Amino acid sequence: MISPKIQDAINAQINAELWSAYLYLSMGMNFEDKGLSGVANWFRIQFKEEQAHAEIFINYLLSRGGRVVLKAIDAVPTEWPDSLAAFTDTLAHEEKVTALINALYALAEEEHDYATRGKLDWFVAEQVEEEENARQLIDRLKMMGDNTMALYSFDQELGARVYNVPAPLAAK
Ligand code: MG
C-alpha cells in the first residue's frame, strides 16, 4: 500500500504532466496556425510524451494499489509570436517540472518510500534531457536571428521528429 501523502503527490504530478501535455498541444496549434508545420510537429510529439509521462505515473500508482483521481486541468496560454518565445517558455516550464520531480523525490525519501524514489530516477534523468533539448533549440534560434533560410531548415528538421514511446511505458 502507498501512503496517502505519496498518493496525493503522485495525483498532483499526473495533473502537472497533463497540463504540460495541454501546454505543448497549444504551442503546436499556435505554430500550425502560423504555417510552421515542423515546429508544430515537434510540439505535437512533446504533447504525446507528456501524456505518456502521466500514464507512467498512473500505471505506477495502480501497481501500488493506489487510487488515481483526475482533477481539472488549468487553462494554458494560446499565443506565441515566434519559435524563440515558445522554446523559452518550454525551458522555463521544464525547469518548474524538474523542481516538482525533485520535491516528489524528497517526499519519497521522507516517507521512506524507496519504490517511489526508484521510480522517479527515470524522471530525474528525463528532466535533464528536456531542459537540454530546449536550451539547445533556444541557442540555435538566437544564432539564426531572422535569417529566413535558416528558419526554414530549422522547421524542416523539427518536422522530422518522430514519437518514441518512453521506455517505462513501452516496458509495460
Ligand atoms: Mg513530463
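**Close-up 1. Glu-50 and His-53 on helix α2 of the predicted model.** Helix α2 covers residues 37-63. Glu-50 and His-53 sit three residues apart in α2, so about one helical turn separates them. An α-helix has 3.6 residues a turn, so residues three or four places apart point the same way. Glu-50 is buried, at 2% relative accessible area. His-53 is buried too, at 0%.

**Close-up 2. The magnesium ion and its donor residues.** Glu-17 (OE), Glu-50 (OE) and His-53 (ND1) coordinate the magnesium ion. Along the sequence, the donor residues follow the spacing E-x32-E-x2-H.

**Close-up 3. Packing of helix α2 against helix α5.** Two packed helices are described by the angle between their axes and the distance between the axes. Here α2 and α5 (residues 148-159) pack at about 35°. Their axes lie 7 Å apart. The crossing is left-handed. From α2, the contact takes in Ser-37, Gly-38, Val-39, Asn-41 and Trp-42. From α5, Phe-154, Asp-155, Leu-158 and Gly-159 meet them. The residues of this contact comprise four nonpolar, four polar and one charged.

**Close-up 4. Helix α1 and the residue Gly-35.** Helix α1 spans residues 4-33, 30 residues in total. From first C-alpha to last, α1 reaches 43 Å. That is close to the 44 Å expected at 1.5 Å a residue. Just after α1, Gly-35 adopts a positive phi of about 80°.

Terms used: Residues are numbered from 1 along each chain as its sequence is written. This is a predicted model: local features need pLDDT of at least 70, side-chain atom pairs count only at pLDDT 80 or more; totals for chains, interfaces and linings use all residues. Side-chain values use heavy atoms; hydrogens and water are left out. Donors are N, O and S atoms within 2.8 Å of the metal (3.2 Å for Na, K and Ca); water is not among the atoms, so sites may look incomplete. Helices (H or I, at least four residues) and strands (E, at least two) are DSSP runs, numbered from the N terminus. Buried means under 20% relative accessible area, exposed over 50%, partly exposed in between (1.4 Å probe, protein chains only). Axes are lines fitted to C-alpha atoms, for helices over the stretch in contact, and angles run from 0 to 180 degrees between N-to-C directions. A crossing is left-handed if the near helix is turned anticlockwise from the far one by less than a right angle, and right-handed if clockwise. Contact means heavy atoms within 4.5 Å. Ala, Val, Leu, Ile, Met, Phe, Trp, Tyr, Cys and Pro count as nonpolar, Asp, Glu, Lys and Arg as charged, and the others, Gly among them, as polar. The expected span of a helix is 1.5 Å times one less than its number of residues.
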